[in-house]
Amino acid sequence: MLAVFDHPSALIQILTLIGIPLLIVAAIALMVLMPGWTRAGRWRPGQPWEHDPVLINAELARDVTQALADVPEADVTAPGHPQLPVTADVTAVVPAVSGIVEVAQGGEGGASARW
Amino acid sequence: MPAGDRVGPLPFSLAQYAGLERALARAEQASGLHFTAYIGELPEGRASAVALHRHVADPATCVLVAVDPDRRLLEIVTSAEIRERLSDRVCRLACLTMTSRFVIGDIAAGIRDGVIVLADHARQPVTLHTDEPG
């Protein structure tokens, strides 16, 4: 067995000099890239949101799409529910982390924001 | 969408989703309010969020956090009944917390952090010392 290492063949030399460094590089690359693979499905700003609507911790009597569409005509333009300007390039109009506005003074409360 | 139904793949990892559910449940325990999160399209902006809020099981005690990632729109909707406990000012603070996470693309963590802020302010600590004689 030891004789193999005393006079290593060309194959052993190649495996030792190239194979082992390659294995080390592969292991390091795996450690670097693996966290990214686990976040592969993560949405990034600017990308289109291609997921179905998700409602967490709620019970609705009807379908969420129907509930969203059930907007009384008055609500769309009511002063209590201001609509921020919607443009293709939001960042050009509203700086990042801004656009927080106070909302309804009457019924529902809360706040609106854009980013 | 009926309770708990989810269509298609989740936008979050299972760990993120579990963390979000846990945060919503803890917020509910701490404050007594019902916290709900919606992530998806809001066609009419705030009006859609308000419409959704009106259709939850108990809108009077419900705090809805609605996020439309495509339009980069965040809406927090509370009811008239709980505005005393959860003021619009606090909602704006939560908006700031959330949007600071959203800008780096972390929707789940943003909602989680915002809900924590909301629950913290809506919490009603037990009064241990009152003027009433024991």
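**A strand between chains and the salt bridges around it**

Good morning. I begin with a contact in chain B: the side chains of B:Arg123 and B:Asp120 meet in a salt bridge, at 3.8 Å from N to O. The term salt bridge stands here for a side-chain nitrogen of Lys or Arg within 4 Å of a carboxyl oxygen of Asp or Glu. B:Arg123 is partly exposed, with a relative accessible area of 41%, and B:Asp120 is partly exposed as well, at 48%. In these terms, buried means under 20% relative accessible area, exposed over 50%, and partly exposed in between, with a 1.4 Å probe and protein chains only.

A word on the basis of these values. This is a predicted model, in which local features need pLDDT of at least 70 and side-chain atom pairs count only at pLDDT 80 or more, while totals for chains, interfaces and linings use all residues. Residues are numbered from 1 along each chain as its sequence is written, chains are lettered from A and ligands numbered from 1 in the order in which they are written, and side-chain values use heavy atoms, with hydrogens and water left out.

Over all chains, the count comes to seven salt bridges. One of them joins B:Arg54 to A:Glu108, with the closest N and O atoms 3.1 Å apart. This pair crosses between chains, from helix H2 (residues 46–54) of chain B to the loop between strands S2 (98–102) and S3 of chain A. Helices (H or I, at least four residues) and strands (E, at least two) are DSSP runs, numbered from the N terminus. B:Arg54 counts as partly exposed at 35% relative accessibility, whereas A:Glu108 counts as buried at 12%.

Within chain B, B:Arg101 forms a salt bridge with B:Asp113, the closest N and O atoms lying 3.0 Å apart. The two residues are twelve apart and link distant parts of the chain, B:Arg101 in helix H3 (residues 88–102) and B:Asp113 in helix H4 (residues 107–122).

I turn now to strand S3 of chain A. How many of the six residues of S3 (residues 109–114) are buried? Six of the six are buried, so this strand is largely enclosed by the rest of the structure. In a regular strand, side chains alternate between the two faces of the sheet. Both faces of S3(A) are covered, with A:Gly109, A:Ala111 and A:Ala113 on one side and A:Gly110, A:Ser112 and A:Arg114 on the other.

Finally, S3(A) pairs in the antiparallel sense with strand S3 (residues 73–78) of chain B over six bridges; pairing requires that DSSP finds at least two bridges between two strands. In S3(B), B:Leu74 is the bridge partner of A:Ala113. Thank you.
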